[in-house]
Every structure is written in C-alpha cells, then in structure tokens.
Amino acid sequence: MSQDWNATNAPTAAFDSGAEHRLLNRWVGRWEGPTRTWFDPSGAPEESRTQACVEGLLGGRFVRWDYHSTAMGQPHAGQLIVGFDVMEKQFTVAWVDSFHMSANMMVSTGAPREDGRVSVLGSYAAGACDEHGVTQSQRWGWRTVIHQPDADTLVLESFNISPEGREDRAVETRLTRRREA
C-alpha cells in the first residue's frame, strides 16, 4: 500500500450509499463565504470570511469539513465529520475547532428531516457564576442545521440553547462553491 493514502483516498470495501449519504456527498468541494456570529443574541453579529473544503471519506460513508476563518479578530479553524448511521437512522456530527470547542469534541445527532436539511443536536459544558460568585458548570445545547439551497450554495446555521431551553441564533455561514480556474 502506498504511503500517500489517507481517509479521503484509501481503498475501501464497496459501500451501498443511500439517499442520506448521497446528500452529504453533494457537499464535496471547495467553498467560501461570509460568517456571522452573534456573541450577544440581541446585538449585531461579528462578520468574517470563511474558507472550507469538504471531502468524502471512506468511500462516501462520511464527509469531512475543514474550515478556517477568524473569531473575535483571531485566526480560527475547525473540522466537522458528518455521517449517517443506517442502523440508527440518524445523522451524526463530530465537531472540533480552535474557538468554540477549546480542547473538547462535540458529538451531535439528529433524524432526517422531510425538507432535506441535516439538523443535529449536541451539548457542551459552560461555566456560569451562581449568586455567591462560585463558578458552576452547566450543560448548554447546540443545534446545527446544514442545508444546500442549490448546487453552489451551502448554509450552516448554529443555535445556542440555554440550560432553561431558550434558543438563540449563534452562527450563520453562507458558502458559495469555488470554481477552479
């Protein structure tokens, strides 16, 4: 076996993809576009430019998003691995990045939707001070919705869900497919 292999181009056993895997593999390509991030749900979003590369993994079983941008004026990068579990009949996303997740990984899951959007829900721990000024860890929800309105547009939206259940828009990235010259 060549030493130049990786999960993108390694030979794998045949895989009979279903509609969900074909949906994910339509995202494969190079993308760029604006990202808006709301640090305060009632305030104006911070705007930045995102570049992303989506590659198929393991014969189309998964796709991996590699992206980079800025957040709060600092460079920021991350990866999402997205798949569809045929036994559980749900999408699964594993997400790591250098800003939102620090040194943690978020795993999110969600059932297919009638509208063709991939919508998954995960959670993360965040510190908050109680009435005595003591930091307490709380679980917050994070909903990610990915959809492709047309062949050359890919949209990723994220929503922060407070421990009390209030859902606020957190991030919107609207990517356009890059055409190689």
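Buried means under 20% relative accessible area, exposed means over 50%, and partly exposed lies in between (1.4 Å probe, protein chains only). The model is predicted: local features need pLDDT of at least 70, side-chain atom pairs count only at pLDDT 80 or more, and totals for chains, interfaces and linings use all residues. Residues are numbered from 1 along each chain as its sequence is written, and side-chain values use heavy atoms, with hydrogens and water left out.

**Exercise 1. A surface patch**

Find where L58 lies, and state whether L58 is buried, partly exposed or exposed.

Step 1. Strands (E, at least two residues) are DSSP runs, numbered from the N terminus. L58 sits in the loop between β2 (46–57) and β3 (62–71).

Step 2. The relative accessible area of L58 is 33%, so L58 is partly exposed.

Step 3. Patches use residues with over 30% relative accessible area and no salt bridge; nonpolar side chains (Val, Leu, Ile, Met, Phe, Trp, Tyr) are joined within 5 Å. L58, F62 and I81 make a nonpolar surface patch of about 210 Å². Accessible areas come from the Shrake-Rupley method with a 1.4 Å probe.

**Exercise 2. Salt bridges**

Describe the salt bridge of R36 and E172, then the salt bridge of D152 and R179.

Step 1. Side chains of opposite charge can pair when their charged atoms come close. Here a salt bridge is a side-chain nitrogen of Lys or Arg within 4 Å of a carboxyl oxygen of Asp or Glu. The whole structure has 12 salt bridges.

Step 2. R36 and E172 meet at 3.2 Å, N to O. R36 belongs to strand β1 (residues 29–37) and E172 to strand β10, so this pair links distant parts of the chain, 136 residues apart. R36 is partly exposed at 28%, whereas E172 is buried at 13%.

Step 3. D152 and R179 meet at 2.4 Å, N to O. D152 is in the loop between β8 and β9 (153–161) and R179 in the segment after β10, so the pair ties together parts that are 27 residues apart in sequence. D152 is partly exposed at 27%; R179 is exposed at 60%.

Step 4. D168 is buried, at 18%. Shared partners join R36, R113, D115, R117, E157, R169 and E172 into one network of salt bridges.

**Exercise 3. Pocket and cavity**

Give the volume and lining of the largest pocket, then of the largest cavity.

Step 1. On a 1 Å grid over the protein atoms alone, a cavity is a set of points where a 1.4 Å probe fits but cannot get out; a pocket is an open set with protein on both sides within 12 Å along at least five of seven lines; lining residues have an atom within 4 Å of a point.

Step 2. The largest pocket holds about 440 Å³ of space. Of its 23 lining residues, the closest to the centre are H100, Y124, W142, N160 and A170. β10 gives the most to this lining, 4 residues. By class, the pocket lining has 14 nonpolar, 6 polar and 3 charged residues.

Step 3. There is 1 cavity of 30 Å³ or more. The largest cavity holds about 320 Å³. Of its 28 lining residues, the closest to the centre are Y67, W95, L156, V171 and T173. β3 supplies the largest share, 5 residues. By class, the cavity lining has 14 nonpolar, 12 polar and 2 charged residues.

Key. Patch = residues over 30% accessible without salt bridge, like charges linked within 9 Å, V, L, I, M, F, W, Y side chains within 5 Å. Points joined across faces, edges and corners; volume = space filled by probe spheres on them. Nonpolar A, V, L, I, M, F, W, Y, C, P; charged D, E, K, R; others polar.
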